[in-house]
Amino acid sequence: MSARDRLRIAIQKSGRLSDASIDLLARCGLKFRRSRDKLFCFGESLPVDLLLVRDDDVPGMIAQGVCDLGIVGRNVLLEQALDSANAGDGAAFREVRALGFGHCRLALAVPEEFAYADAAQLGGLRIATSYPNLLADWLRRAGVQAAVVTLSGSVEIAPRLGTADCICDLVSSGATLAANQLREAAIILESEAVLAAGTLSPADARAELIDMLLRRIDGVIQVRVSKLVMWQSPRAALDAITRLLPQGQRPTVTSIEGQDNQVSVQAICNGAITWQHLEDMQRAGARQMLVLPVEQMLA
Ligand code: ATP
Ligand code: MG
């Protein structure tokens with residue numbers, strides 16, 4: 001690996017992951033100057049530059065050492081890792097953090113009238129996909145022999161065109177499937193955007209930059225899922241109420257003047273707080289509940 005003193009991160013130029021990737025890096029304190037060709041952005045606040053590319057090119061750029069880190073869907077990263085493995089090469093990149101956006105699933109979808117119960121029914125059928133390696137791997141583990149038809153796009157119309165019997169494609173809401181008279185039958189991979197890095201750490205100044213960036217990303221992710229929950233309750237109900245909440249730090253408990261058995265509680269929770277949580281807490285004796293977002297956190 002050639003020595004460089006600036007870190008390079010590859011992200012998607014324009015697509016579903018672009019805005020959230022830029023936003024994450026901005027929250028980590030990275031500021032960029034956009035160049036005229038808009039492919040390379042010079043980092044102004046830290047020696048960290050950006051390359052804006054097709055998402056499919058992110059793993060390869062890391063493998064070739066052109067970039068040190070990349071943000072890409074787990075679906076793309078694993079598909080290409082299997083591709084390298086099939087070619088007899090070890091993958092030169094790996095997932096280092098799940099980033100909490102770009103959620104979707106790679107799913108098997110069948111025509112609405114197909115009564116799917118288990119994978120054995122796929123034997124001898126043709127399945128269209130843009131993820132041939134992930135699909136073949138899933139079929140192999142299920143012990144099913146089916147024909148994988150690789151298409152680069154418009155996979156969802158293959159059954160109607162008669163070029164395949166069912167499909168394996170990315171799904172988030174399921175609206176595209178419904179519009180094509182298809183129905184989700186099995187999940188092949190749960191995906192989200194991930195931070196990918198080379199399997200070998202650079203042996204120069206970049207190693208420290210990577211460590212710093214990972215610490216900041218962890219902080220950003222932690223704050224995103226953290227909520228400050230406050231309530232009042234009888235002291236005796238405290239344990240039961242705390243058990244209802246997502247894991248977090250130990251709550252701060254304060255007694256209320258003039259009300260012997262009542263306490264006021266503050267708890268940082270690592271996870272979403274739903275109406276269901278609040279209603280369960282209320283049934284367990286909590287009153288005056290407040291849920292607040294956390295802006296910044298330093299342990
Ligand atoms: P590029 O031009 O960069 O190759 P693309 O068309 O291949 O773009 P997008 O459609 O922007 O890629 O999707 C990028 C990633 O977003 C996907 O690989 C996947 O991880 C994620 N994603 C989230 N929801 C969906 C969805 N409903 N359909 C497709 N991808 C999704
Ligand atoms: Mg792409």
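1. Asp56 is partly exposed, with a relative accessible area of 35%, where buried means under 20% relative accessible area, exposed over 50% and partly exposed in between, using a 1.4 Å probe and protein chains only. Asp55, at 18% relative accessibility, counts as buried.

2. This is a predicted model, in which local features need pLDDT of at least 70, side-chain atom pairs count only at pLDDT 80 or more, and totals for chains, interfaces and linings use all residues. Residues are numbered from 1 along each chain as its sequence is written, chains are lettered from A and ligands numbered from 1 in the order in which they are written, and side-chain values use heavy atoms, with hydrogens and water left out.

3. The magnesium ion (ligand 2) has Asp55 (OD) and Asp56 (OD) as its protein donors, lying 2.1 Å from it. Donors are N, O and S atoms within 2.8 Å of the metal (3.2 Å for Na, K and Ca), and because water is not among the atoms, sites may look incomplete.

4. Asp118 sits in the loop between strand S7 (104-111) and strand S8 (126-129), strands being DSSP runs of E with at least two residues and helices runs of H or I with at least four, numbered from the N terminus. Asp118 is partly exposed, at 42% relative accessible area, and a polar atom of its side chain lies 3.0 Å from the backbone nitrogen of Ala120.

5. Strand S8 runs parallel to strand S9 (residues 147-150), joined by four bridges, and DSSP must find at least two bridges between two strands for them to pair. Within this pairing, Ala128 has Val149 in S9 as its bridge partner.

How values were computed
Polar contact = N/O pair within 3.5 Å; in protein donor to acceptor, adjacent residues only side chain to side chain.
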